[in-house]
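Biologist: I am new to this structure and would like to look closely at one part. Please show me where its open space lies and what surrounds it.

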Amino acid sequence: MVNKIQRSAPGKVILCGEHSVVYGQPAIAVPVSGLRAYANVEAAPTEGSLQLISRDLNETISLEVAPPEHPLAAIARETLAYLTLPSPAASLTLWSELPIASGLGSGAAVSVAIARALAAYLGRELQPQEVSALAYEVEKIHHGTPSGIDNTVIAYEAPVYFVKGQPPEIFVIKEPFYLVIANSGIPSATKQAVMGVRNRRNAKPEEYDTYFNRMGEIANAARTAIEQGDIASLAPLLNENHSLLREIGVSLPELDRLVAVAKNAGATGAKLTGAGTGGNVIALTSPENIASVKAAMQAAGATEVWT
Ligand code: MEV
């Protein structure tokens, strides 16, 4: 056993297909490697139980007494059970650059970083599919009926074409493209957003399935555009996807406004990303317009912006 180990995991953005992916349609997502969650595990005289330290929340709790739904404890327990190993006398410190509850996969990134660090400390480097499966168990505790796209794109740290219940397809981005990511500052609660869509779909199944089918077609077309380096074709697909997300009730006037402002400032396509009802907007922007799009989104109230 090594004395000290650190592992990390990226955030993610869903390019197309959030929500419809829960209903079996394809979606595509890419990692955000510049925004990460980090976990550090080191030996500590903790009398046999792992100490979980959240640097961001300024909280320390022993794994022994942490409640089942505690997000750090849940993934630590899943990982130890998978490895069939007891809790080590160590401390695990977690910190993250990702905004919480914003559609950028903060929860899954935390889980993946912890599973990797704890396993590595105990002498095992986990494969992406192993760490993804462990994080998925924790996603189920917090999100009810997750599709699995967040844990997958974050564990593989590669662009994924994802259909629920199927092995992810990693695909190649032919030409680089640039996204401005802007945080509305409004918390996005995935569980509630997914539940809201489910309730509205139960009331109008045919209408909602038509929306979901179209979102699936958009995801397929977007994958083709990206694989062919045809970024001009990607922009209208993102715009249409945002309109459909509005139709299913997961946008907000604040998100619509950020989308409109980004397009006025030169973005060719923009949409909310993730569960919506808050969280982040992505804007497809050519390199020469990045500064003006960022400035316009900040002036329109975005609390944080990244490229
Ligand atoms: C959340 O990042 C994406 C949703 O589609 C939920 C899910 O796929 O589990 C809203």
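Modeller: Here is a walk through the pockets and then along a strand and a helix.

This is a predicted model, where local features need pLDDT of at least 70 and side-chain atom pairs count only at pLDDT 80 or more, while totals for chains, interfaces and linings use all residues. Residues are numbered from 1 along each chain as its sequence is written, and side-chain values use heavy atoms, leaving out hydrogens and water.

Let us begin with the largest pocket, which holds about 950 Å³ of space. A pocket is an open set of points on a 1 Å grid over the protein atoms alone, with protein on both sides within 12 Å along at least five of seven lines; its lining residues have an atom within 4 Å of a point. Its volume is the space filled by 1.4 Å probe spheres set on the points.

In the largest pocket, 47 residues form the lining, and Ala101, Ser106, Gly107, Ala108 and His143 lie nearest the centre. Two or more lining residues come from each of β1 (4-16), α1 (71-83), β5 (90-96), α2 (106-121), α3 (128-143), α4 (149-156) and α5 (190-203). These are DSSP runs: helices (H or I) of at least four residues and strands (E) of at least two, numbered from the N terminus. With five residues, α2 gives the most to this lining. By residue type, the lining has 20 nonpolar, 20 polar (Gly counts here) and seven charged (Asp, Glu, Lys, Arg) residues.

The second largest pocket holds about 210 Å³. Among the residues lining it are Val13, Val30, Pro31, Val32 and Ser33, along with Ile173, Phe177 and Tyr178. β2 (27-43) and β8 (179-183) each give two or more residues to this lining, and β2 gives the most, with four. Here ten lining residues are nonpolar, two are polar and none is charged.

After α7 comes Gly249, with a positive phi near 85 degrees.
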